[in-house]
Amino acid sequence: MSAHAITEPSSRQKWIAGILVIGYALITIMPMIWIVMTGFKSPADAISYPPKVVFEPTLEGYVNLFTTRTRQTDEFLAANPPETWYEEIVRQYDMVIAGPSRYGERFLNSVIIGFGSTFLSVFLGTLAAYAFSRFKVPLKDDLLFFILSTRMMPPIAVAIPIFLMFRTLGLSDTHLGMILLYTAVNISLAVWLLKGFIDEIPREYEEAALIDGYTRFQAFYKVVLPQAATGIASTAIFCLIFSWNEYAFAVLLTSGTAQTAPPFIPTIIGVGGQDWPAVAAGATLFLIPVVVFTVLLRKHLLRGITFGAVRK
Amino acid sequence: MPDTPLDRVAKATPQPIARRVRGLSDRAIAWIFVAPTIFLLLAVNIFPLIWTIRLSFTNFRANRNREVEWVGLRNYERILTDTDIWLTMQATAHFLFWTIFFQVLIGFTLAYLINKKFRGNGLWTTIIVLPMMLSPAVVGNFWTFLYQPQIGLFNYVVAFFTGVDPSSFEMIGSVRLAPWAIVIVDTWMWTPFVMLICLAGLRSIPDYIYEAAEIDRASKWRQFWTITVPMVLPFLMLAVLFRGIENFKMFDLVVQLTGGGPGSTTELTSINLKREAFEKWRTGYASAYAIILFVTVFGLASIYVKALNRVKER
């Protein structure tokens, strides 16, 4: 028997562990599967008792998500037969499509603000992280801790003066305001994560480049940046996910023009309460990008969620 | 490298001047690189913090245009003697304690099981991790649907396994159950976070320690308590620190789930603060409240980090 075999779990242990973990995983994804399923249910199926697992799928939720509808008189309905499949779905309820809903705009706002703030925080974060990693910056540890401590403030606590500040500067409910705000929140994560990634790149590469006649700046973008590409990409995804999911600032500081999807989705209402298939459809479309990113990120996940404190 | 006129000048000039022409000094680059970040944080974090401190000594109301008066420490005095705020603190403590308790318990168990390296553990780990990456507000809103007494999936599943009537209990409508409703959703969402950190801890333990223990004929039980637990402890404490800070700030998930109700049974500090600041518009009072919260988090976190470092050094 090799020494290694002592610590290797027996196959029975593996079986038991596997079954328990898979059991937990199946329970934990149930709510998510339910969201996706509800998006394809008719309103009647969505609120039936007992909850329906088998149902006839319909795109009603998605149609309701993207449109606003009005009730019309019988004569009007008879005079204007439905032309498209989505008109037809709406006609079941004697309604006609009046126009697009706000969901598209809100989703687009999430994209603009998410990508804008991610770009800015990764750009500034990379510069700062490089400086912290390679140079003697006075009060380095204090500055790094200061950057981290900005994360300890409850968002609502900072929101009061930011609300007043934005109001004075005319930044309330603007894309620029939200991008700057999310950049400030994300930058602490960006600096800490990227410093970890850059610390791992051997200094010798740059030193060789400097001897070859590169300036410090050239060494930075021709040698260090390509080496840090994976780190920069995963940091970017973390920043994007944060901005994408953020709710507290969005709900307090935006109301129309720059409102993102998280404060908007819960306000989707139908006749007599929330239109659950439409809410579920909106949630599904909104959550899919994050699921894709999580799968892409799996290797760096731990690092991202602990600010680089745990690196595996 | 192409020989530009600038380079030719640089080559012809003595060293110190050459450096200035060919590029900025390291020190200058360090400052240029760090400055924008520091500037942004000063503008969006520190300046507002100082402003909040200033406002906390006034009776300012953001929705009115009246004369602002200095009230000294009166806001602080009122908050610390307000019984409603103590109720809020109790709700927050209940939420903090139980979410951390369940997340540590389930998270560590899962990590321990995943570390048995059964086939396909990577795939299942990724699936388990998904909830914590989702938008808390969107997910919280959807959980109100799962918690519906008659039609909700949660009530149906509970009824299915326990035999009680699914419409006999209301998770978010009843004073007794609502504090647990938010604990359940937060645990569902954030257990994977604790699990991932514990897993990193378990994987950091070298095999030879167990092999040595095996040679010394230490029982599996003893190995678990004398090797596994102490070596994972610093990781676990880090996870608790992160969860503690995050849940002390908790807003989005709970505000969407219960809105602080019924009554004020799930009114966590952030929700209470939002009500004071943006519904009652008592800006000065809310600023003092925000400062108290910040000092509390900062103080507790600092003490905790000291304890964490002591455990790490051992």
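How many helices and strands are there in chain B? There are 14 helices and zero strands, where helices (H or I, at least four residues) and strands (E, at least two) are DSSP runs numbered from the N terminus.

This is a predicted model: local features need pLDDT of at least 70, side-chain atom pairs count only at pLDDT 80 or more, and totals for chains, interfaces and linings use all residues. Residues are numbered from 1 along each chain as its sequence is written, while chains are lettered from A and ligands numbered from 1 in the order in which they are written.

**View 1. The overall form of chain B.** Along the sequence, the pattern reads α-α-α-α-α-α-α-α-α-α-α-α-α-α. The radius of gyration of chain B, taken over C-alpha atoms, is 27 Å, well over the 20 Å from the globule rule (2.2 Å times the number of residues to the power 0.38) for 314 residues, so chain B is more spread out than a compact globule. Its C-alpha atoms fill a box of roughly 90 × 80 × 40 Å along the principal axes.

**View 2. Where chain B meets chain A.** Here 78 residues of chain B are in contact (C-beta atoms, placed from the backbone, within 7 Å) with 86 residues of chain A. Helix 3 (residues 26–55) gives the most to chain B's side, with 14 residues.

Definitions and conventions. Two residues are in contact if their C-beta atoms, placed from the backbone, lie within 7 Å.
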